[in-house]
Amino acid sequence: MLEYILKGDKTRRIFADQAENCGKNQIYRGHDQNHAIFQVRESKEAYFDGKLGEDSRSKRVEISIIDEDGDCLIDKNGDSVESLDIPYTVTEAMMHYALDEYEFSVNKDGNPVNRGTWKENCRQFLNDVKQTIEREKLPLHTVVVTGGGSQMTDVVGDLCNKAFPGKVIPSDTPSHSVVKGLVTIAYNEVYAPEVRDKAMGDIRSAAEKNINDMIDEIAKTLSEKSYDKTIDAMKALAKEHGYADTDGFWKKIPFDSNVGEVTRTVNKAIADSLDQNNVKNQIDNSTKRWQNKDTGAIVKCINDASQQLYADQVMGGMIQISQADVETLAKKVVLSDITMPRVVTDANLIGSVVGSVLGVVFFVVLTVIALFVPVIGPILALLGVAAADVLYDKLMAYEKMPVNGTSIYNAAKKMEKDKEKKIAEIREKIREPLRETFTKPDVYGDNFEKYYRMLEAIAEKAFDQILLKAEDDQ
C-alpha cells in the first residue's frame, strides 16, 4: 500500500515541488518509514474490518525524506524539512495492487525461499505447511484463521480453504486475536492457579462420590443376585416337596422335607450366585464404570476450566481435552506403591459377602420355618443374624427335623416381601469389607488417598495441556 502511494502521480508532484523548494534536483524517501507503515496498516485493517466507509477513505500519511547524500533537507526559509504529508485514498485498486501485483521476497534464515505477490507467497506458505503436516503424519482437526489479515479478500475462501478443505474456521475476533492471545497468557499466569485449585477440588469431590457409588453398586449387585437366587431355590423346593398348583389353589403335601435340606438349598443358592467368575465379571464391570466416571469428571472439570481461562470462543472451543486424552495421560502416571486391587481373589471379601447374605437369608427363612419347627426359635433368638456359620452349624444339628412345603413357600414369600429392607442390610454389611479390600496399604491406601494422588497427577497433566504446556515446560 505504501509503495502504491509513493508511485502515484500526486506523490511524485509533491516530491518534485519539495525538491525545488529545497534547491535540489531530487529528494528521496528516508530509510525509516515505520511510522508511515503503521499508519497505512491502520487503514488496511479498518478497510477489511468494514469500518472504513466511503466518506472516511481519504487519509494522509507522513513520509520521511532525505537528500541524495542522506542528509536532512533545508528549505528556502532555512527551516529543516524531515517529512512530507502525503494524501491518499483507500481504493479497490490500491488493495488489488497490494495483494495481487506488488512482489516481494520471503526469506528464511536470511536466505530467499520464494518471491511473488502477497497471495502467491501466502499460497506457497500454506502448501509448505500442508506438506509438512502430511510428511510428519501430524493430526489436524481445525485451522483457525486469525489476525487482521484473515479478513483480506479471499484469504479464507480462496487460500486457506483450498489448502485445508473442510477444516477452516475464522476467529470470532480476528483483528485482535494475537493481542488477545498475549492477554490470555498474562491472564492465565495470574488466574490459572485459582482455576486449577477449583478444578482439582471438583475432581476430588466427584471421585469421592464415584467411589461410594462403585462400592454401593458392587454390594447391591452381589446381594440382589444372592437374594433372588435364594428365593427361586426356595420356591422350587416348595413345589418339589410341599405344594402343587391346581386351579389357582395350593394343594398341601405332607411333611417330606427337613431343616437340613432347606439350609443346604439356601447355602447352595448363595454359593452359586457368588461363583468366582460371576463375581469377577460383576466387580470388573463396576470398577470399569467407576474409572470411566472419574475420567469423565477430569474431562468436564478441565474443559470447564478452559472455558474460564480462554475468553475467545473459538480458542476456548479448541483448547479442550477428551476421554482419550486423559487415558493417554494416565499411562504416564505411575505410582510405584500402588497395585491393582485383587477384589475377587480376596478370601476375606468373598467370605464376608457369603456370611452377610447367609446370615440375613437364613434369619428370614428360618424365622418362618420356626413357626412349624419350634426348636429353631430359641437358636435364632440366641444367635441372631451376625454369625451365619455358627447359625448354619447349629441348624444342621437339627437337620432331620421335618418341614412341610407350607413353611418353605411362606419363607420364600416373606423374603420377597422384605426384599428391599433385607438387601439394604446385606449391602451395608458388604460395603465395609469391600472398602477394606480397596484401601489396603499396598493398594489405594487409607481412605483411597493413593488413588486420589494418582487421579490428581493425571488431572495436573490435563490442566497443563489446556495451558498449552509441553512436557519440557514442566
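## Helix α17

The buried residues of α17 are Lys450, Tyr451, Tyr452, Met454, Leu455, Ile458, Ala459, Lys461, Ala462, Phe463, Asp464 and Ile466. Buried means under 20% relative accessible area, with exposed over 50% and partly exposed in between (1.4 Å probe, protein chains only). The model is predicted: local features need pLDDT of at least 70, side-chain atom pairs count only at pLDDT 80 or more, and totals for chains, interfaces and linings use all residues. Residues are numbered from 1 along each chain as its sequence is written, and side-chain values use heavy atoms, with hydrogens and water left out.

Leu468 follows α17 and has a positive phi, near 60°.

## Main core

The largest nonpolar core has 67 residues. Such a core is a set of buried Ala, Val, Leu, Ile, Met, Phe, Trp, Tyr and Cys residues joined through side-chain atoms within 4.5 Å. Ile298, Ile302, Phe448, Tyr451 and Phe463 have the most contacts inside it. The elements giving two or more residues to this core include α7 (177-241), α9 (276-309), α12 (347-369) and α17 (449-466). The largest share, 17 residues, comes from α7.

Ile302 is in contact (heavy atoms within 4.5 Å) with Ala199, Ile203, Ile321, Ala459, Ala462, Phe463 and Ile466, leaving aside neighbours within four places in sequence. A second, separate core has 25 residues, among them Met1, Val40, Ile63 and Leu84.

## Helix α3

Helix α3 covers residues 34-48. Its 15 residues should span 21 Å at 1.5 Å a residue; the end C-alpha atoms are 21 Å apart, so the two agree. Ala36, Val40, Ser43, Lys44, Ala46, Tyr47 and Phe48 are buried in α3. Their cover includes α1 (2-6), β2 (58-66), β5 (83-89) and α4 (92-101). Gly50 follows α3, with a positive phi near 80°.

## Whole chain

The chain has 17 helices and 13 strands. These are DSSP runs numbered from the N terminus: helices are H or I with at least four residues, strands E with at least two. Of the 474 residues, 42% are buried.

Among contacts with a separation of 6 or more, 74% join residues 24 or more positions apart. The accessible surface is about 26100 Å², and 51% of that belongs to carbon and sulfur atoms. Areas come from the Shrake-Rupley method with a 1.4 Å probe; for residues, only the protein chains shown count as cover.

Methods:
The expected span of a helix is 1.5 Å times one less than its number of residues.
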